[in-house]
Amino acid sequence: QVQLVESGGRLVQAGASLRLSCVVSGGTFSRYAMGWFRQAPGKEREFVASISWSGNSAGYKASAKGRFTISRDNGENTVYLQMNSLKPEDTGAYYCAARGARDGESWYGVEYEYSNWGQGTQVTVSS
């Protein structure tokens, strides 16, 4: 059984940086495409970023491009989300997700494409 555990979320001021981590156990992490999603209060969960299992390809939500960077360490079974220049609208619960990938270059930006999810870590950005 695949388990995902996120960490790193906390309360920060606008303009600050945070790095979220997600450790995956079970399965073969190096063959999983990974994604980060977030859910703001009263809103649906939305895609933030995804990375292929090779780490060579990634995709981002438009508002995250240039501020957020997704990366992975296949030796540590961990995926990261570096978030810079945080804004109040980045507030939400951030979820890590994993799925088996067709190849080493595919990433996935849609929630239903993922079969494994973590419990989430809360990020709050104050103005």
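Okay, let's start with burial: 44% of the 127 residues in this protein chain count as buried, where buried means under 20% relative accessible area, exposed over 50% and partly exposed in between, with a 1.4 Å probe and protein chains only. Before I go on, this is a predicted model, where local features need pLDDT of at least 70, side-chain atom pairs count only at pLDDT 80 or more, and totals for chains, interfaces and linings use all residues. Residues are numbered from 1 along each chain as its sequence is written, and side-chain values use heavy atoms, with hydrogens and water left out.

Now the overall picture. The chain has 0 helices and 11 strands, and by that I mean DSSP runs numbered from the N terminus, helices being H or I with at least four residues and strands E with at least two. The radius of gyration is 13 Å, close to the 14 Å from the globule rule for 127 residues, so the chain is as compact as a globular protein of that length. That radius is taken over C-alpha atoms, and the rule is 2.2 Å times the number of residues to the power 0.38. Along the principal axes, the C-alpha atoms fill a box of roughly 40 × 25 × 25 Å. For contacts with a separation of 6 or more, 60% are between residues 24 or more positions apart; contact here means heavy atoms within 4.5 Å.

Four strands make an open sheet, ordered 1-3-8-7, with antiparallel pairing; strands pair if DSSP finds at least two bridges between them. At the edges sit strand 1 (3-7) and strand 7 (68-73), each pairing on one side only. On average, neighbours in this sheet are turned by 15 degrees against each other, direction ignored, using lines fitted to C-alpha atoms as axes, for helices over the stretch in contact, with angles from 0 to 180 degrees between N-to-C directions.

Let's zoom in on strand 8. Is strand 8 mostly enclosed or open? Well, 5 of its 6 residues are buried, so strand 8 is largely enclosed by the rest of the structure. Strand 3 (residues 18-25) pairs with strand 8 (residues 78-83) over 6 antiparallel bridges. In that pairing, Leu-20 has Leu-81 as its bridge partner, and Cys-22 stands opposite Val-79. Strand 7 also pairs with strand 8 in the antiparallel sense, over 6 bridges, and there Ser-71 stands opposite Tyr-80. Strands 7 and 8 form a hairpin with 4 residues between them, and Asn-77 in the turn has a positive phi of about 55 degrees.

What about the core? The largest nonpolar core has 26 residues, and Met-34, Trp-36, Val-79, Leu-81, Met-83 and Tyr-94 have the most contacts inside it. A nonpolar core is a set of buried Ala, Val, Leu, Ile, Met, Phe, Trp, Tyr and Cys residues joined through side-chain atoms within 4.5 Å. Strand 3 gives the most to this core, with 4 residues. Apart from it lies another core of 6 residues, including Phe-37 and Tyr-114.

Leu-81 touches, among others, Leu-18, Trp-36, Phe-68 and Tyr-94, leaving out residues up to four places away in sequence. Trp-36 is in strand 4, and counts as buried because its relative accessibility is 0%. Its C-alpha is 6.8 Å from that of Tyr-94, although Trp-36 and Tyr-94 are 58 residues apart along the chain.
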